[in-house]
Structure formats: structure tokens, C-alpha cells
Amino acid sequence: MNDEIRMNRVTRFIETLNQAKELGLSVAEATKGSLTLCLPYSSRIIGNPDTGVIHGGAITTLMDTTSGSVILCALDEFELCPTLDLRVDYMRPAEPHKPVYARAETYKITRNIIFTRCEAFHKGGETIANCVGTFMRIGPDALPRAYRDLISGDAE
Amino acid sequence: MTEPEILRYTRETGDFSRMLQSIPYAAFIGLECDQFGDDLIFRLPKKEQNLGNPILPAIHGGVIGGFMEMSAALYLMMSQESMRMPRIVDFSLDYLRAGLNRETYAECQLTRQGNRVANVMISAWQKSRSQPIATARAHFLLED
């Protein structure tokens, strides 16, 4: 599997997630075991009206989505892995009017569990948040064939 | 209305609508809050835009996290004298069950409050309070 296939898979996958579409998430980079997604700034997701800083919840969603989707870049076959736990450390508030990027990697894959870490940042800037997650593998067969084919690009 | 006025109004009336309208992210996910005596119950009504997994379908895990995080911040604001939105330091979330496409509830508990940091536990459920879909723990910075 090359990076173009990975990018297409992740793009198709996040397009099926209503909330990711609502936030306008897009794929910036996909390589083996690593993925970067982009969250555009929007006044709709401000958490502090005084400062215009977006809410941590939108960052959490960005990081959860990136950590969950990097699995598509690590496994040959598409598996949807539910999140077991997610720990987010906020280093500094995101700056208003700038897109936020999140880069995730899988750092350990076992038969049952996938461990991920993820960093949110502005381009050329310092870390906004760090996140570690664990995801449970329920196997490719837990998903309907049609959905797997759609994400894998075998639907055509 | 300025922010302190909104907070005062919310404290006096138990009507959260003005406060929630002033926070775009709360409106974005559709968060609501009801007061019963001293207790606050946060609600996240069913909303198609909040879904993640399209197969079940289930609410996006990040939205559940954002809902719990926002609930904890509001809860803390209401229990504090401070008029400012507390700053979150870290957030640790355990997903216990799939959050299905239906109304979700959350309640918070102030586990420990020091001078500078507060620790809040959050529990979210759908069908029954005794079967949470997620539990979380958050630290907030209180100092200005």
C-alpha cells in the first residue's frame, strides 16, 4: 500500500463521519503508521468568546479522529477500532484564526490493542496539545462488507 | 449582557440558555443544561451532525469528550466565585459503551479543589445512569 492509497482511504473514511465533515477536517499527510489531519478555524467552535480561542472539545475531536484514523495508515486491511481511552494534555491555547493540525502515529500494535500518540500544533508553531490513546481491535469482520469496500476503494 | 451579568443571571434563575448562547462551541454540539436544586444535569440532544461511526450509528467519541469537557467547565464556573472560564490542563477519558444516536446526559463532581487546581469527575450516560457510556477526569487551572 502506498501513501496515495492511504490518503484516499483516510479521506473516504473521514467523509463518512458526520462530525468530522461538520468541523471541515481534511487530510494533510498520510504515510505508513503516521497521519496528519487539519482542523480549519471557525467562529462556530469558539469556547471562550472573550478571546476567540476554539474549545478544547474541537481539539479533542480532531485528535480522536486523527488517532483513530492513523490505524488505516498502519494496517493493510481496513479495521474500525473503537477508542478505549484517550488522555489529552493541553500545553497552550490554540491561536484564533489559524488552522490546527494533528499528527498521530501508532507506536505499538498488538493482536487486541493499538496504542497511539498524537500532537496538535499550528504550522511552524509550538505544541497545543498532546494525546495518547488506546484502541481496541474488533477485527475487519465486525464491519459490513459494503462499508469496508467503500473505505478500501473496492466499491467501484 | 456582559459575561459577569450572564453568569449572575444564570446563577439566579437557573436558566442556562443565555450562557450557552454566548459560547459558540456549546451551540455547535447542541449542549443544554438543567438545574434541579443544586444539581446540574447536562444534556446533549440527538443530533445527526454529532455522529462519528456511521454503521451503528454512534456519536463521535470526540463530541462525547467535548460535551463532557464543556460540562465540567460550566459546572466549575457555577460552583466558583470566579467569572472566568476555567482553563483546562488535562483530560482523561474512558469510553465504556458506544454512545448511540440518542440523547446523552452528563453530571459532574468536584473531587478536589485546591487554591490553584480543581479536579473534576464527569460521568456520561444514555439509557441508565448506572450504565455510563464514558467517564472522565479533568484538571482545571483556577488562578487568573
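Visitor: Which residues does B:Phe91 touch, not counting residues up to four places away in sequence?

Guide: First, some ground rules. This is a predicted model, where local features need pLDDT of at least 70, side-chain atom pairs count only at pLDDT 80 or more, and totals for chains, interfaces and linings use all residues. Residues are numbered from 1 along each chain as its sequence is written, chains are lettered from A and ligands numbered from 1 in the order in which they are written, and side-chain values use heavy atoms, with hydrogens and water left out.

Now to B:Phe91. In chain A, B:Phe91 touches A:Leu86, A:Arg87, A:Val88 and A:Tyr90. In chain B, its contacts are B:Gly65, B:Met68, B:Glu69, B:Ile122, B:Ala136, B:Arg137 and B:Ala138. Contact here means heavy atoms within 4.5 Å.

Next, the strands. Strand β3 of chain B covers residues 87–95. Strands (E, at least two residues) and helices (H or I, at least four) are DSSP runs, numbered from the N terminus. β3(B) runs antiparallel to strand β5 (residues 83–90) of chain A, and five bridges join them. Strands pair if DSSP finds at least two bridges between them. A:Asp85 has B:Asp94 as its bridge partner in β3(B). Eight bridges join β3(B) to strand β6 (residues 132–141) of chain B, again antiparallel. There, B:Tyr95 stands opposite B:Ala134.

In a regular strand the side chains alternate between the two faces of the sheet.

Now the core. B:Phe91 is among the residues with the most contacts inside the largest nonpolar core, which has 84 residues. A nonpolar core is a set of buried Ala, Val, Leu, Ile, Met, Phe, Trp, Tyr and Cys residues joined through side-chain atoms within 4.5 Å. Buried means under 20% relative accessible area, exposed over 50%, partly exposed in between (1.4 Å probe, protein chains only). Helix α4 (residues 61–79) of chain B gives the most to this core, with twelve residues. Another core, of five residues, lies apart from it, and includes A:Leu75, A:Cys81, A:Ile114 and A:Phe135. In soluble globular proteins, nonpolar side chains tend to be buried together.

Last, step back to chain B. Buried residues make up 51% of its 144 residues. Chain B has four helices and six strands. From the N terminus on, the elements run α-α-α-β-β-α-β-β-β-β. The radius of gyration of chain B is 15 Å, close to the 15 Å from the globule rule for 144 residues, so chain B is as compact as a globular protein of that length. That radius is taken over C-alpha atoms, and the rule is 2.2 Å times the number of residues to the power 0.38.
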